[in-house]
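Student: Could you take me closely through the salt bridges of this model, and how far the paired side chains are buried or exposed?

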Amino acid sequence: MRRSYANIGREILSAARNELYMNLPYLDAALCALEFRPGGEITLSLATDGDTLYYDGAWLADRYLRSRTLANRAYLHVLLHCMLRHLGKKRGRASSLWDLACDVTAESILDSLDYPCLAGSSAPIREKFYGECRMDMPVLTAEGIYRRLLRLALPEYELARLQREFLVDDHGLWDPEKRDGKERLQRQDEKWKGLSEKTRTGMETVLAGQSTGGESVLQQIQVAVREDVDYRAFLRRFAVPREVMEVDGDAFDYGFYAYGLRLYGNMPLVEPPETREQRRIEDFVIAVDTSMSTSGDLVRQFLACTYAILRSTETFTRKVNIRILQCDDQVRSDTALDSLEGLKRYMENFQLSGGSATDFRPVFEHVDRLRREGAFTSLRGLVYFTDGMGTYPQRRPPWETAFILLEEPPLSVRTPPWAIRLVLGLPGLEKAVQEAAEENLIDLSELPQL
C-alpha cells in the first residue's frame with residue numbers, strides 16, 4: 001500500500017508540474033529543479049531541503065481528491081519558498097514566526113495569481129491579515145511579515161489560528177543544524193538565486209504581458225535576487241586622507257633608481273618617498289538602539305561584523321577613537337575605545353542597556369557636545385544601528401550619519417533626507433565577514449558566531 005501511494009503521489013506531482021508549466025511558462029526552469037522522492041518517514045505532507053521534494057503519497061491523494069487545484073497550489077507553495085530563498089534565511093530567527101511569515105508570503109502570491117489551476121477560496125482571515133501587512137510594506141515579503149509578527153507579539157492562540165490557515169508544507173528540513181554544512185547551503189542559495197534571475201528575466205522580456213496576475217511573483221523575485229549591500233565599501237565613506245610611514249611605490253620611478261645603481265654602484269639617483277597618503281578612519285561613532293525591538297544577540301553580531309571589517313583592511317588604523325553609545329529614549333552608556341582590540345573586548349562582554357521607546361535626538365545632542373569639548377579631532381561619521389522607528393532630529397548634523405537597518409521598516413517610517421539609509425540583512429553582514437576571512441586578514445574563530 002505504501003508503494004502504491006508513493007506512485008500515486010509522484011503522478012500527482014508530475015501532473016501538477018505539467019499544468020503549472022502550461023499556465024506559468026516563466027517558471028519553466030524552477031519547475032524542474034526539484035527531484036521527487038517519497039518521504040513518509042520525513043514528512044506527513046510535503047518538505048524540501050532545496051534539492052529534493054519529499055512527499056507523502058496519501059496526503060497528496062487526499063488533497064487531490066478534494067480538489068486538483070489544492071495539489072497544484074501545494075507544489076507551487078514549496079517552489080516559491082525555494083525561489084524566494086526562504087530556506088537559507090531561517091538561521092538566527094525565531095523558528096515558528098519565520099515559518100509562518102514564509103507561509104503567508106507564499107500563499108499571498110498564490111491568492112493573487114489569476115489562473116483556474118490555482119483557484120482557491122480566500123478566507124476572510126487571509127484578506128484581513130494581508131491588508132494589515134500591506135499597511136506596513138509595499139510588497140509582502142517574509143522578512144517584513146516576520147518583523148511585523150515580532151513587533152505584534154501575538155498571543156499563542158492567535159498565532160495558532162494563523163498557522164492553521166496558512167500552513168501547507170513541513171519546514172523541518174530547513175533547520176541548518178540538520179543540513180550538510182555551510183558550503184551546501186551556499187551552493188543551494190546560489191542555485192535558486194540563479195533560477196529566480198532566469199524567471200525575472202523571462203517575465204520582464206520574453207513573456208512580458210503574458211504573465212497574467214504574476215506581478216506579485218515578479219515583485220517578490222526582484223526583492224529575492226537584489227544584490228547584497230557591500231558593507232565594507234560603505235564603511236570606507238567615513239575615511240579621511242592621512243599620511244602614513246610607508247613607501248609609496250606608485251609615486252616612485254624605479255628607472256632612475258636602477259640607473260643610479262648601475263652608474264655609481266651603490267648610489268641611487270632618487271630615493272623612494274617614505275610616506276604615502278591613504279584614506280583612514282580615526283574618529284568614529286557607533287550608536288546602538290536599545291529599545292525593546294532590538295535584541296542583544298543581533299547587536300553583538302553587528303558589532304562583530306563591524307570589528308571584522310575594520311580590522312581586515314589597511315583603510316583602518318590600529319589606533320582609533322571609537323565611541324559606542326547605547327540609547328533608547330536617552331543615552332544609557334558611552335564607551336570610548338582607542339584600539340580595535342578594545343572594540344573586540346567590548347563586543348565579547350557586550351550587555352544591552354535600556355528597553356524604552358526610541359528617540360534618536362539624545363545621541364546627536366551628546367555627540368555634538370563631545371565634539372565641542374574636543375573629544376574628536378576629525379569626526380567624519382556616525383553609524384546608528386536601529387529598527388528605524390523613533391523620533392529623528394530635524395536638523396542635519398555637521399557629520400555624515402547612516403541608519404543601519406537589518407530589515408525593511410514599515411512604510412510609516414521615514415528616515416531624514418540628510419541621512420544615509422542602509423538596509424543590511426544578516427546575509428550581507430556574514431558575506432562581508434567571510435570576504436575578510438578569505439583574504440586571510442582575520443581569523444573567524446576570534447569572532448562570536450554569526
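**Salt bridges within helices and between strands**

Tutor: With a relative accessible area of 22%, D368 is partly exposed (buried means under 20%, exposed over 50% and partly exposed in between, with a 1.4 Å probe and protein chains only). The model is predicted, so local features need pLDDT of at least 70 and side-chain atom pairs count only at pLDDT 80 or more, while totals for chains, interfaces and linings use all residues. Residues are numbered from 1 along each chain as its sequence is written, and side-chain values use heavy atoms, with hydrogens and water left out.

The side chain of D368 meets that of R372 in a salt bridge, 2.5 Å from N to O (a side-chain nitrogen of Lys or Arg within 4 Å of a carboxyl oxygen of Asp or Glu). The two residues lie 4 apart in helix 15 (residues 361-372), which separates them by about one helical turn; helices (H or I, at least four residues) and strands (E, at least two) are DSSP runs, numbered from the N terminus. R372, at 59% relative accessibility, counts as exposed.

In helix 3 (residues 57-66), D62 and R66 are likewise 4 residues apart, and their side chains form a salt bridge at 3.5 Å, N to O. Here D62 is partly exposed at 42%, whereas R66 is exposed at 55%.

R323 and D334 also form a salt bridge, their closest N and O atoms being 2.8 Å apart, but this pair links distant parts of the chain, with R323 in strand 6 (residues 316-327) and D334 in strand 7 (residues 331-339). R323 is buried at 13%, and D334 is partly exposed at 28%.
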